[in-house]
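Visitor: I am new to this structure and would be grateful for a close look at a single part of it. Please take the place where the two chains come together.

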Amino acid sequence: MQQHNIDPSSVRGLGFDATCSLAVFREDTDAPQCVTGPYFDNQDGNDRNVILWLDHRPVEETAKINATKHNLLRYVGGTMSIEMEIPKVLWLKNNMPKEMFDKCKFYDLADALTHLATGRENRSLCSVTCKQGYVPVGVDGSVKGWQEDFLTDIGLPDLCEDNFRRMGGVDGVVSLFLLST
Amino acid sequence: MALPHHHSRPQSRAGSRRMSVDPRNELHHTVDHYIGIDVGTGSARACIMNADGDIVGLHSENIGLWQPQTGYYVCPM
């Protein structure tokens, strides 16, 4: 804007697009949460708060997810890819100290950018459906979108607490989903 | 950066101000603008458009990628 002398007040809209990467923040402080062990504290300078799509650490977690043969897998291509985000959340659950994992909230990278730009907790329907195993309300009897039986089965019942607050919530209850194309 | 963002402007408005080769000296505040930001793996690109869809500004920044272990890829935000 500065370079081209554009008045910031003339900007009517801001749109984000990003890779299928998992961004992690702390719920209490909204600070970025490091995602690599053993200390998850950026001690070595190589730890950051976004696990990129090409990060293939959650091999076992992905196998466990696909072994459920849950109906939601039909909507992500038959099996969930290791490059999607729920395997990465599960890896964090399995590798982080519990008290640290319990403080984390999760965003698709594009939604994390919206969060940083607005301070709000909105998620995009496209992000959660295509990258996080959400089944849109009304599809195949989905009531809340997030699939509680699936999350409990794979070992992430924590995410169901308080209407799935740490994943952005339930549309119309905690957070508001915005349609994204 | 010289971008073709004047062609769709009404002549009267274009003629009412002093033309300049330096885009920083041009005023765009009477026009609505929209910003799109694409965060890829190696870089992030931002683009400012006016209401006609003409690009009036572009910028790209590389993204620092860390590999804390083999097969692990992380970045900051």
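Which strand of chain A is joined to β1(B), and how many bridges join them?

Guide: Some conventions come before the reply. This is a predicted model, in which local features need pLDDT of at least 70 and side-chain atom pairs count only at pLDDT 80 or more, whereas totals for chains, interfaces and linings use all residues. Residues are numbered from 1 along each chain as its sequence is written, chains are lettered from A and ligands numbered from 1 in the order in which they are written, and side-chain values use heavy atoms, with hydrogens and water left out.

The strand is β1 of chain A, residues 11–18, which runs parallel to β1(B) and is joined to it by seven bridges. Strands here are DSSP runs (E, at least two residues) and helices are runs of H or I of at least four residues, both numbered from the N terminus; two strands pair if DSSP finds at least two bridges between them. Within this pairing, Val11(A) has His33(B) as its bridge partner.

Around this pairing lies the wider interface. In chain B, 34 residues are in contact with 40 residues of chain A, contact being heavy atoms within 4.5 Å. The two chains bury about 3,100 Å² between them, and carbon and sulfur atoms give 62% of that area. Buried area is the accessible area (1.4 Å probe) that two parts lose on being put together, summed over both. Of the area that chain B buries against chain A, 22% is supplied by Ile35(B), Tyr73(B) and Met77(B), more than by any other three residues.

The polar side of the interface can be described next. Between chain B and chain A, 16 residue pairs are in polar contact, both residues being at pLDDT 80 or more. A polar contact is a pair of N or O atoms within 3.5 Å; within protein, one must be able to donate a hydrogen and the other to accept it, and residues adjacent in sequence count only if both atoms are side-chain atoms. One salt bridge is found across the interface, the term meaning a side-chain nitrogen of Lys or Arg within 4 Å of a carboxyl oxygen of Asp or Glu. Asp32(B) forms a salt bridge with Arg12(A), with 2.8 Å between the closest N and O atoms.

On chain B, the side that touches chain A draws at least two residues from each of β1 (33–39), β3 (55–62) and β4 (74–75). The strand that gives the most is β1(B), with seven residues. By class, this side of chain B has 20 nonpolar, 10 polar and four charged residues. Here Ala, Val, Leu, Ile, Met, Phe, Trp, Tyr, Cys and Pro count as nonpolar, Asp, Glu, Lys and Arg as charged, and the others, Gly among them, as polar.

Within its own chain, β1(B) also pairs with β2 (residues 43–50) of chain B, in the antiparallel sense and over seven bridges. Asp38(B) has Arg45(B) as its bridge partner in β2(B), and a hairpin of three residues joins β1(B) to β2(B). From there, β2(B) is joined to β3(B) by seven bridges, and these two strands run antiparallel. Met49(B) stands opposite Ile55(B) in β3(B). Four residues lie between β2(B) and β3(B) in their hairpin, and Gly53(B) in the turn has a positive phi of about 90°.
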